[in-house]
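Here is a quick, friendly tour for anyone meeting this structure for the first time. Take a look at it before reading on.

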Amino acid sequence: MLQKIVNGIAIASGVVSLTVVGLGGYVFIRKDAIIENVKGKIMESVMPGGMSGILGEGAGAGALEGLAGGGLGLPAPSNPMATPSEPSTPESPMSPIPLGF
């Protein structure tokens, strides 16, 4: 009786092992198609208009709609490093260790 139980467990273990190996092989063989499918779904969820907003056809479609032509009403960023008001001298490097070791 115990041998029948052990044989049943062995058969179940073999089925599980073959299933895992088979699914692993399937994913390995089709990984490029799976990746492209997921990329397409992500791009469609981020930009409902697809890639047309980036390529210039129907600019401002999808998630980038408010960014076309400064539609957010934000001022242009300034660059304080472009023309410094006074020349600065470089400071001596500081040790990150206390007491200057």
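Which residues form a nonpolar patch on the surface? They are Tyr-26, Val-27, Ile-34, Val-38, Ile-42 and Val-46, with about 500 Å² of accessible area together. A word on what counts: patches are made of residues with over 30% relative accessible area and no salt bridge, with like charges joined within 9 Å and nonpolar side chains (Val, Leu, Ile, Met, Phe, Trp, Tyr) within 5 Å. Accessible areas come from the Shrake-Rupley method with a 1.4 Å probe, and for residues only the protein chains shown count as cover.

Before going further, keep in mind that this is a predicted model, where local features need pLDDT of at least 70, side-chain atom pairs count only at pLDDT 80 or more, and totals for chains, interfaces and linings use all residues. Residues are numbered from 1 along each chain as its sequence is written, and side-chain values use heavy atoms, with hydrogens and water left out.

Now for the overall layout. The chain has three helices and zero strands, so DSSP runs are the thing to know here: helices are H or I runs of at least four residues, strands are E runs of at least two, and numbering starts from the N terminus. Along the sequence, the pattern reads α-α-α. Of the 101 residues, 4% count as buried, a label for under 20% relative accessible area, with exposed meaning over 50% and partly exposed in between (1.4 Å probe, protein chains only). The accessible surface of the chain is about 9,100 Å², and 68% of that belongs to carbon and sulfur atoms.

Back to the patch: helix 1 (2-29) and helix 2 (31-46) each supply at least two of its residues. Helix 2 gives the most, with four.

| Residue | Relative accessibility | Class |
|---|---|---|
| Ile-34 | 32% | partly exposed |
| Lys-39 | 47% | partly exposed |
| Glu-36 | 52% | exposed |

Finally, confidence. The mean pLDDT (the predictor's confidence in each residue, from 0 to 100) is 76 for the chain, and 55% of the residues reach 70 or more. Among the elements, helix 1 has the highest mean pLDDT (96) and helix 3 (residues 52-55) the lowest (54). Where pLDDT is low, the predicted coordinates should not be read in detail.

Notes
Salt bridge = Lys/Arg side-chain N within 4 Å of Asp/Glu carboxyl O.
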